[in-house]
Amino acid sequence: MLLIPFRKEVAPEFRRRTNYLMTMVSIAFLLLTGRLFFLQIIQGERYTYLSENNRIRLKKIPGTRGMVFDRKGQLLIDSRPSFDLLFVPEDAKEPETTLRRLAGVLGRDEGELLGLLEENQGRPPFEEMVLGRDIDWRSLVAVETHQLDLPGVTLRIRPRRSYLLNSTAAHLLGYMGEIGSKQLKAQKEKGYGMGDEMGQFGLERRWEEFLRGRNGGQQVEVDALGRRVRVLHEVEDVPGNSVYLTLDRDIQETAYEALQGKVGAIVALEVNSGAILASVSTPAFDPNVFARGVTAEEWRALGQDRMHPLNNRAVQGQYPPGSTFKIVLAVAALEEKVIDPETQLQCHGSMAFGNRVFRDWKKEGHGAVDLHKGIVQSCDVYFYQLGQRIGIDRIAKYARALGLGEKTGIALDDEKPGLIPDSEWKMKRFGQPWFPGETPSASIGQGYITVTPLQMANMMATVANGGTLYRPWFVRRVESLDGTLIREYGPEKIRSLELKENTLKHIRSALADVVNSGAGTGGRAKSNMVAIAGKTGTAQVAEMRGAYVKSEQLSYLLRDHAWFVAYAPAENPVIAVAALVEHGGHGATAAAPMAKKVIEKYFFLQNSLPDSKQASRQGEIRAN
Amino acid sequence: MQIDRRLVSHFDWTLLGIVLGLALLGLLTIYSATYSVTERHASGLATKQFYWFMVGVGAMLAAIAIDYHHLDRLAYPFYGVVLFLLLLVLFVGSTGGGSQRWLNLGFFILQPSELAKLAIVLALTKYLQYDEPPNGYRLRDLWVPFLFVAPLILLTLVQPDLGTAIVLSLIFISIMLMGGLRLRSFFYLAATGVVLMPIAWHFLKPYQQKRILIFLDPDLDPLGAGYHVIQSKIAVGSGRLLGKGYLHGTQNQLDFLPAQHTDFIFSVFAEEWGLLSCLFLLGLYLTLMVLSLRVVARAKDRFGSLLVLGVLTIFFWQVTINVAMVTGLLPVVGIPLPLLSYGGSSMVSMMVAVGLLMNVSMRRFTF
């Protein structure tokens, strides 16, 4: 203890008191020193960590996802940065004042913003609340310039997927969604993180690795109000690649319009490559809804819709092919020389087999029928007999050769294979042999047989191109943003059917007459623009024993599925189309006009194309 | 005025050095506390404080020049003026931060409660300057000082300015004890205070009650009222041994610290300069106090000793409470750090206090 010498004159009582005071001062300063030592040395590291944590925020900058174009370079899916307006009331000293000011800056309704504050009362503290999604440019600038007056208001940049075709190509292009916890586990090493978006369906999902951009990041120093002061460290984001499709936007739109109000699917592909020109499934959904963040309610509504709008009927819908299957029988019969094309069989409107009577769609019967007439008029009795002669196993062999009963291998998830039954399958599935009485149904594409619209389109392409089955595909190439080619795709042969020259000649002549002879079932597909060849199909959903009932008289779910499969031109075909309308009634009336529209659109575009090519060539000449 | 040569030779240059050192550190820290990282310059507050410091130097010289024996006559009038100013604050004071503490005099804004510290010291010194009774004062002997201190404290309390009211009370009690209040009487007084505490609790504003509760458990409200303490502790602690460097305190520069140029100036200093400098700063205050105690011991009369004791207690309580408060040892009550915190009234009255100290120190050999 410091003892201070006193002068004699000073009252001696001060001596003791100042010593007390000195003791107090010493204790106090020792205490403060100890406290500082404790905070700055013993706990220094912890507080340093806390202070770093206070000021440094990691900000993810999502890489912009790649764009998608159609075969003519028309934009189908765009990606652009969008800004969400966020607000953290805890960061604002007076939230109401800030919101009022914000309302003034944005020209928005004050009450609406304050109402949002009210609504978000229950949210965890310091959680951002969203005041506006994808705000416009003017609002963005306004907020940026007034940021200092708007404590607690921040902007979040988010790439926004924009589907220019809306619902038109929803199933093929797919949609985006936040990465799920299972996906996150599986994809973690690929650099995905919580809250990242990921392709969940269709093209978006299967081409995810090409389309996705690489996230960038910023280590940002923020002040006490969360305002960014400076960027400490930055990793550039890398935009995703552009994907060019074989799809034709205009044909796709035509097909979609044709199916409006109906449930069904249309697939159009190039005969000589298997490249998909259009692929529509209805009812559809709007992928933009997913892009802005689907609400739980909307998601439930989509999932519970009895029409299953999320299903891509073109590859997931399995339907009995009905009379379109007669093409398979015709191929099998001619290849296996079961009959000559000229062989005539009698049709009296029905055929008894065992203890069952199989009816023709035409009560009075078709009389004497050869292969040509059988196809053109779609005579069921002719094909019942043909089927008996070929046998189910040989029918199955040709059906499979034509790509039915197996997945086409198109690059879409959840493709269904359909079903082509044979005796082996019957034994495996039911432990029973194939009964001959089951063959007639199979011969006209009923019974166990199911196919997808894509398979039917591909089968038509195979018939049209002389027997080559291609794998359907729809991505032509992938380019980086600066135009460097990354991946290029082309036609891929699955198999060549070594068919006799005459087989297809006969069948194609019949298919042309289905539409163009005037006597055929497909007259409604007849076009002035181009000679179309095709086959109708009306697939029974419910068996109508004992009575001829017009499909229109049945309740919707019992009505027949309507098919029309086609290619064009009848000579040297280039495009094949399959159109299916669920419960659409007759293929001739419901489906044929749709296929015609799609084909006509293709040729309309084809005819206008040379002009534009010429124009551009002239432009080049002039430039030279 | 004639200046005695002996006065100059007895002038306490060490004391002056300490005061200048503290004021300089204050100015530097205020500059940093008001520095804006984004705009890359400080607000004008450091410059303003420098002017106040110059005014303070003038006031200090004046306080040195007048022989402290004449202060005897000035004590009560000065008390009267301060009382009047505090009453004025009550009616026409300007408001800030939820309390009414200031008088706008046009050319500057006065905080009369700062002057009240000096007024109490002077008035008590005058009253207690005569020899005390052999066994010390009893409470009933001291009703007069109670009478003139109570209104000052009450007027400060109702502003409300809990911090200054506490400091005034502590100064009052300290001087009374030094002036000869019986220890037994002091305990009576203290006991009464403890009994009255729950009653006083109800007179506290909700935010003051909250602060005391938060002090007892800062995690009660880490983002609200507890925010200040936590952020201040983070600032001090993250300064570690050598600090983050001048103008590089992140807690300070990024505004995580509250009231960083006034009550929390020490946190700014601790964050940017570190433990060693903090100990140096505390050392300056300690030296100031030890030097004052030497003056108390060597003053040639009881008036001088008591006066210096008063000044000493002003410094002691404010430094101790302020540093304890920003390091989380005491609840946050607004008390400035003498000579360092921003504020004209505080700066000038502290400079006057130091002037009084020097006054007594250099006149210990004169008659």
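In the predicted model, 50% of the 367 residues of chain B count as buried, a residue being buried if 20 or more other C-beta atoms, placed from the backbone, lie within 10 Å of its own. Chain B has 14 helices and five strands; helices (H or I, at least four residues) and strands (E, at least two) are DSSP runs, numbered from the N terminus. Local features of this predicted model need pLDDT of at least 70 and side-chain atom pairs count only at pLDDT 80 or more, while totals for chains, interfaces and linings use all residues. Residues are numbered from 1 along each chain as its sequence is written, and chains are lettered from A and ligands numbered from 1 in the order in which they are written.

In chain B, helix α6 (residues 143–157) packs with helix α7 (residues 162–179) at an angle of about 160°, their axes lying 8 Å apart. Axes are lines fitted to C-alpha atoms, for helices over the stretch in contact, and angles run from 0 to 180 degrees between N-to-C directions. The angle makes α6(B) roughly antiparallel to α7(B), a term for angles over 145 degrees. Among the residues of α6(B) that meet α7(B) are B:Leu152 and B:Ile153, and those on the α7(B) side include B:Leu168 and B:Phe172; contact requires C-beta atoms, placed from the backbone, within 7 Å.

In chain A, five strands form an open antiparallel sheet in the order β12-β11-β23-β22-β21, where two strands pair if DSSP finds at least two bridges between them. The edge strands, each pairing on one side only, are β12 (276–282) and β21 (533–539) of chain A. Seven bridges join β21(A) to the antiparallel strand β22 (residues 561–568) of chain A, and A:Gly534 stands opposite A:Ala566 in β22(A).

Definitions and conventions: Buried ≥ 20, exposed ≤ 12 C-beta atoms within 10 Å, placed from the backbone. Parallel < 35°, antiparallel > 145°, perpendicular 65-115°, else oblique. Contact = placed C-beta atoms within 7 Å.
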